[in-house]
Amino acid sequence: MLEIRNVCKTFNPGTINEKVALDDLSLKLEEGDFVTVIGGNGAGKSTMLNAIAGVWKPDSGQILIDGIDVTKMPEHKRAKFLGRVFQDPMLGTAAKMQIEENLALAMRRGKIRSLKWFITKEERISYRQKLAALGLGLEDRLKTKIGLLSGGQRQALTLLMASLKTPKLLLLDEHTAALDPKTAAKVLEITDKIVKENKLTTLMITHNMNNAIAYGNRLIMLSEGKIILDIKGEEKQHLTVESLLAKFYEASGDSFADDSALLG
Amino acid sequence: MNIGALINGLPGAVAQGLIWGIIAVGIYITYKILDIADLTVDGSLCTGGAVCIMMLLAGYGNTVSLIAALVAGMLTGVVTGFLNTAMGIPAILAGILTQLGLYSINLKIMENRANQPINANNYDLLVSLRNIKNVPFFENTIFIVMAITVVIVLLLYWFFGTEFGCTLRASGSNEAMCRAQGINVNLNRVVGLTISNGLVALAGGLLAQYQGFADVNMGRGAIVIGLAAVVIGDAIFGRLFNNFAFNLVAVSLGSIIYYLVLQVVIWRGLDAQMLKLLSAIIVAIFLAIPYVKNQYFKSVRNPKHHAEKGVKFNA
Ligand SMILES: Nc1ncnc2c1ncn2[C@@H]1O[C@H](COP(=O)(O)OP(=O)(O)O)[C@@H](O)[C@H]1O
Ligand SMILES: [Mg+2]
């Protein structure tokens, strides 16, 4: 499904701000995998997702989605394979446009945008149903400008937009981090539902260890641009915070590494 | 200062306001929809005027000359778009570069003369200073420019309502979202600049015909006058209309109001040399209002403020 082969990325090479963000990183996901990603601040989690999304090109290495080498493909072309939700709720939706317009833009991801009139009646009906399923009362507000919605509502909409046109891979970058705990829990619940309903292969970065353990069938931990832990199958199912911490200390070889490095 | 002189000047002000309204609609596309300040217009306006007048002088018909002006303007937009997207030059600077280059090109188009007059007696002009009073209505410049404006507004309304047109609006609203949804933001920017400068040049052609000459300096400050029309239209009619076509009409009305106010100011005896300063001050004030409101008069009850900060559902 997704294959990252020996990807390296250094920011500001040759300057005092030089930063190796991805260090020969490799990762292979199977169809239907729901992988949670943890790691300290600056570990390279977002950089990994950005590499997959094509925000910039890696210095070396390859990225394959469903066997297709996308390493050189520009971001907007790669989008046809990907659904993305960002940490900042403002980033995923166009504030000046209506709810239905945002959905219709997402519905056409990966398709050529023609000079046909934008939103059809049938589309509107299906949007209404999908919005109703979110349970946020947005189904009667198709014409509302996105800018009037709350961060949680916008994040839920972004999730819906990411999955409207079923992506091969869903990329979630700490998409609940900017929300209050109650809203975050709700958005996470919607996430799980959408992932399960569409059987989406998913990479979800989270700063919450409990969530990383509770969701998905595989967990990876990044540190300094490398994967230092990769827990799957049975082992993942029986994972607890204690056993995860133990594995982390073992892997990092530093039994007094402070928790902030782990939790970000 | 007799009132008769003022009333006498009003039809002219309306005609000019309408022509500048088309320019302002072009500026609306870049400034409001794409969210970039495009300074190409100060050059492309004259390009349109120069191309139109030279074509007419060479014996071409009105329609062909105006279409040529439109196409020439679109090319200037392509150049700025190319500099901005393919060469990575910031939009403002890209516009300034094109504008400066156009100064030379415009002079060349006008065969090295800074001013090219056209005699309304010898040429069949579509619009003219002389056709605003005492002519049948279908020859009246006010009617003709109004009709052209309506056609342009309808075309733009259709275009920005299509699948592709909507991606242009999205590009100006949120680029990160656009890329994530597979929209080519760079292409859209070039397309927007192309349409915008095409319209500005078309209006340049009309303006040159109207005043009876093309002048190498006719576009100086066009961006400011266009923005003035946009902000006046928005301030007065912004709350009334919530429809794209009407927003464009509001821009055109804003431009007419601008020229009517100008007419009054001139009638009151203001030194004409001060007009540009006055325009600059008006636009500066209007552009500053939203910022100043936010910075110094932030109200707790402002719902938009809540929505942006809020992270709760149904806040
Ligand atoms: N666009 C960029 N320019 C320069 N440095 C960057 C950029 N993006 C990320 N970095 C740096 O790369 C490192 C990894 O960042 P990131 O992937 O965002 O970490 P996180 O794991 O917290 O998401 C950090 O040191 C960060 O400062
Ligand atoms: Mg991050």
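Visitor: What is 2.8 Å from a polar backbone atom of Lys45(A)?
Guide: It is an oxygen atom of ligand 1. Please bear in mind that this is a predicted model.

Visitor: And how far is a backbone N or O atom of Gly42(A) from an oxygen atom of ligand 1?
Guide: That distance is 2.8 Å. For Thr47(A), a polar side-chain atom lies 2.4 Å from an oxygen atom of the ligand.

Visitor: Which parts of chain A does the pair tie together?
Guide: Phe11(A) belongs to strand S1 (residues 2–11), while Trp56(A) sits in the loop between helix H1 (45–53) and strand S4 (60–65), so the pair joins parts 45 residues apart in sequence.

Visitor: Is Trp56(A) buried or exposed?
Guide: Trp56(A) counts as buried, at 18% relative accessibility. Phe11(A), at 27%, counts as partly exposed.

Visitor: What about Phe248(A) and Tyr249(A): what kind of pair do they form?
Guide: They form a tilted pair, because their planes are at 45°, with ring centres 5.4 Å apart. Phe248(A) is buried at 6% relative accessibility, whereas Tyr249(A) is partly exposed at 23%.

Visitor: Which residues of chain B do ring pairs link into a cluster?
Guide: The cluster consists of Tyr28(B), Trp158(B), Phe159(B), Phe160(B), Phe164(B) and Phe244(B).

Visitor: Changing topic: how much space lies in the second largest pocket?
Guide: The second largest pocket holds about 460 Å³. It is lined by 22 residues, of which Gln16(B), Trp20(B), Ile225(B), Tyr259(B) and Lys276(B) are the closest to its centre.

Visitor: Which elements give two or more residues to that lining?
Guide: In chain B they are helices H1 (3–33), H8 (185–211), H9 (222–237), H10 (244–267) and H11 (275–296), together with strand S2 (213–215). H11(B) gives the most to the lining, with four residues.

Visitor: And what is the make-up of the lining by class?
Guide: The lining of the second largest pocket has 13 nonpolar, six polar and three charged residues.

Terms used. Residues are numbered from 1 along each chain as its sequence is written. Chains are lettered from A and ligands numbered from 1 in the order in which they are written. This is a predicted model: local features need pLDDT of at least 70, side-chain atom pairs count only at pLDDT 80 or more; totals for chains, interfaces and linings use all residues. Side-chain values use heavy atoms; hydrogens and water are left out. On a 1 Å grid over the protein atoms alone, a cavity is a set of points where a 1.4 Å probe fits but cannot get out, and a pocket is an open set with protein on both sides within 12 Å along at least five of seven lines; lining residues have an atom within 4 Å of a point. Grid points are joined across faces, edges and corners, and a volume is the space filled by probe spheres set on the points. Ala, Val, Leu, Ile, Met, Phe, Trp, Tyr, Cys and Pro count as nonpolar, Asp, Glu, Lys and Arg as charged, and the others, Gly among them, as polar. Buried means under 20% relative accessible area, exposed over 50%, partly exposed in between (1.4 Å probe, protein chains only). Rings of Phe, Tyr and Trp (its six-membered ring) pair if their centres lie within 6.5 Å; planes under 30 degrees apart count as stacked, over 60 as edge-to-face and the rest as tilted. A polar contact is a pair of N or O atoms within 3.5 Å; within protein, one must be able to donate a hydrogen and the other to accept it, and residues adjacent in sequence count only if both atoms are side-chain atoms.
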